[in-house]
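The following note sets out comments on the model, arranged as numbered points.

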Amino acid sequence: MNIGWFTGLFEGEGCIYKDPRCNSIRLTLNSTDYDVVARFFNMAQCGYLRNGNHVERNKHRKPFWVWTVWKKADVKRLLVQMLPLLGERRAYTALNALDV
C-alpha cells in the first residue's frame with residue numbers, strides 16, 4: 001500500500017465521525033472520481049463502496065462515490081497506519097476516535 005497517497009487522499013477528502021445511531025466510529029471518503037475511490041477501497045481492503053447519488057434528488061449533480069467502514073478492527077488498523085502522516089487537526093480526531 002502506498003500509505004502516503006492513501007493518507008493524503010483521506011486527509012483531503014475523508015471524514016472520521018462517531019455515528020450516534022450505533023455508537024461506532026466511521027471512516028468515510030467521497031469523490032466524483034470513481035477510479036480514485038475504487039483505488040482507495042482496494043488499498044483499504046475493507047469497508048464498502050457505493051454510489052452516493054439519489055437520482056430523484058440529484059438529477060443535475062455529478063455522480064459521486066462513497067467509501068465507508070465501521071468495523072472496529074478495520075477502523076483501528078487504518079487509523080493507526082495513517083496516524084504518523086496525518087495533519088495536526090485530523091491526527092487529534094483520529095486519536096480521539098481510537099480512544100472510543
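1. Beyond residues up to four places away in sequence, Ser24 touches Tyr17, Lys18, Asp19 and Trp70. The structure is a predicted model, and these contacts should be read as computed from it. Ser24 is found in strand β2. Is Ser24 to be classed as buried or exposed? Its relative accessibility is 15%, and because buried means under 20%, Ser24 counts as buried.

2. Strand β2 spans residues 24-31, and seven of its eight residues are buried. The strand is therefore described as mostly covered, given the cut-off of under 20% relative accessible area for a buried residue.

3. Strand β2 pairs with β1 and also with β4. Strand β1 (residues 14-19) runs antiparallel to β2 and is joined to it by six bridges. Within this pairing, Ile25 in β2 is the bridge partner of Lys18. Strand β4 (residues 65-69) is likewise antiparallel to β2, with five bridges between the two. In that pairing, Leu27 is set opposite Val69 of β4.

4. Gln45 belongs to the loop between α2 and β3 (48-51). With a relative accessible area of 68%, Gln45 is exposed.

5. Which residues of the largest nonpolar core touch the most other members? They are Phe10, Ile16, Leu27, Trp67, Leu78 and Leu79, in a core of 22 residues. The elements that contribute two or more residues to this core are α1 (3-13), β2, α2 (34-44), β4, α3 (72-82) and α4 (88-99). In soluble globular proteins, nonpolar side chains tend to be buried together.

6. Leu79 illustrates how this core is connected. Neighbours within four places in sequence aside, Leu79 is in contact with Ile16, Leu27, Ala94, Ala97 and Leu98. Of these partners, Ile16 and Leu27 are themselves listed among the core residues that touch the most other members.

7. Arg90, Ala91, Ala94 and Ala97 are buried in α4. Seen down the helix axis, the buried residues fall within an arc of 120 degrees, so they line one face of α4. These buried residues pack against α1, β1, β2 and α3. Where are the exposed residues Glu88, Arg89, Tyr92 and Asp99 placed? They are carried on the face of α4 turned away from its buried side.

8. Trp5 provides a link between positions separated in sequence. This residue is found in helix α1 and is partly exposed, with a relative accessible area of 25%. Leaving aside neighbours within four places in sequence, Trp5 contacts Val36, Arg39, Phe40 and Met43. The C-alpha atoms of Trp5 and Phe40 are separated by 9.0 Å, although the two residues are 35 residues apart along the chain.

9. Finally, the chain as a whole may be summarised. Its secondary structure comes to four helices and four strands, which follow the pattern α-β-β-α-β-β-α-α along the sequence. The C-alpha atoms fill a box of roughly 40 × 30 × 25 Å, taken along the principal axes. Buried residues make up 37% of the 100 residues in the chain. Among contacts between residues at least 6 apart in sequence, 53% join residues at least 24 apart.

Definitions and conventions:
Residues are numbered from 1 along each chain as its sequence is written. This is a predicted model: local features need pLDDT of at least 70, side-chain atom pairs count only at pLDDT 80 or more; totals for chains, interfaces and linings use all residues. Side-chain values use heavy atoms; hydrogens and water are left out. Buried means under 20% relative accessible area, exposed over 50%, partly exposed in between (1.4 Å probe, protein chains only). Two strands pair if DSSP finds at least two bridges between them. A nonpolar core is a set of buried Ala, Val, Leu, Ile, Met, Phe, Trp, Tyr and Cys residues joined through side-chain atoms within 4.5 Å. Contact means heavy atoms within 4.5 Å. The arc is that of the directions from the helix axis to the C-beta atoms.
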